[in-house]
Amino acid sequence: TLLLMACATAIAVPPAQYGDRRGKRLVMAVLCALVLINMTGAVTALGDTIFPVKPALDGGLWSKIRDDATAGQHFLIRLRAVHPFLAIAGAGFLIGGMAALRRRVREVSHWPVSLAGTQVLLGAANIALAAPGWMQVIHLLVAQLLWVACVKVWLEMRA
């Protein structure tokens, strides 16, 4: 899906020609991080679909994470905690990378930063609401928009 969206973005939006190799490598690293985050998100969504999330009523979120990580749980339930931590680290990496490139691609670098922040907030809401289907779809939509925005930045960097 990500490759298809990258190709559609490359066809739909002609890139500017900045030709910055270092910047292109940095954005490629961000894109690779997004692929990893999307993979863990797909596994988490599968786990949430097969084993519906129960709201944390007693003990709060940390007790829910601790209960999900116990050895008796199915591996899809134990993997639920991986995606949020990778996503937060990836958002920090993306924001830092876009800040480093802001002078070169000012007109497009703010979109990935805004969308990454939105994704973190949507992910937190998704966890707080116990992963309802409609919220997962919104989270996936913004993930696709974030991917398209980062591909656009990468296209701006190519020579």
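Predicted model: local features only at pLDDT ≥ 70, side-chain atom pairs only at ≥ 80, totals over all residues.

Biologist: Are Glu 156 and Lys 152 buried or exposed?

Modeller: Both Glu 156 and Lys 152 are buried. That label requires a relative accessible area under 20%.

Biologist: What makes Glu 156 and Lys 152 a salt bridge?

Modeller: The closest N and O atoms of Glu 156 and Lys 152 are 2.7 Å apart. The cut-off is 4 Å between a side-chain nitrogen of Lys or Arg and a carboxyl oxygen of Asp or Glu, so the pair qualifies. The two residues lie four apart in helix α7, about one turn of the helix.

Biologist: How many salt bridges does the structure hold?

Modeller: The structure holds two. Asp 48 also forms one with Arg 80, with the closest N and O atoms 2.8 Å apart. This pair links distant parts of the chain, 32 residues apart: Asp 48 is in helix α2, and Arg 80 is in the loop between α4 and α5.

Biologist: Why is Val 153 called buried?

Modeller: Val 153 has a relative accessible area of 0%, which is under 20%, and therefore it is buried. Val 153 is placed in helix α7. Leaving aside neighbours within four places in sequence, its contacts include Val 27, Met 98 and Pro 112.

Biologist: Which element gives the largest share of the nonpolar patch?

Modeller: Helix α2 gives four residues, the largest share. Together, the patch residues, among them Met 39 and Phe 75, have about 600 Å² of accessible area.

Conventions
Residues numbered from 1 in each chain as written. Heavy atoms only, no water. Patch = residues over 30% accessible without salt bridge, like charges linked within 9 Å, V, L, I, M, F, W, Y side chains within 5 Å. Areas by Shrake-Rupley, 256 points an atom, 1.4 Å probe, with all protein chains shown as cover. Buried < 20%, exposed > 50% of the residue type's maximum accessible area, 1.4 Å probe, protein only. Contact = heavy atoms within 4.5 Å.
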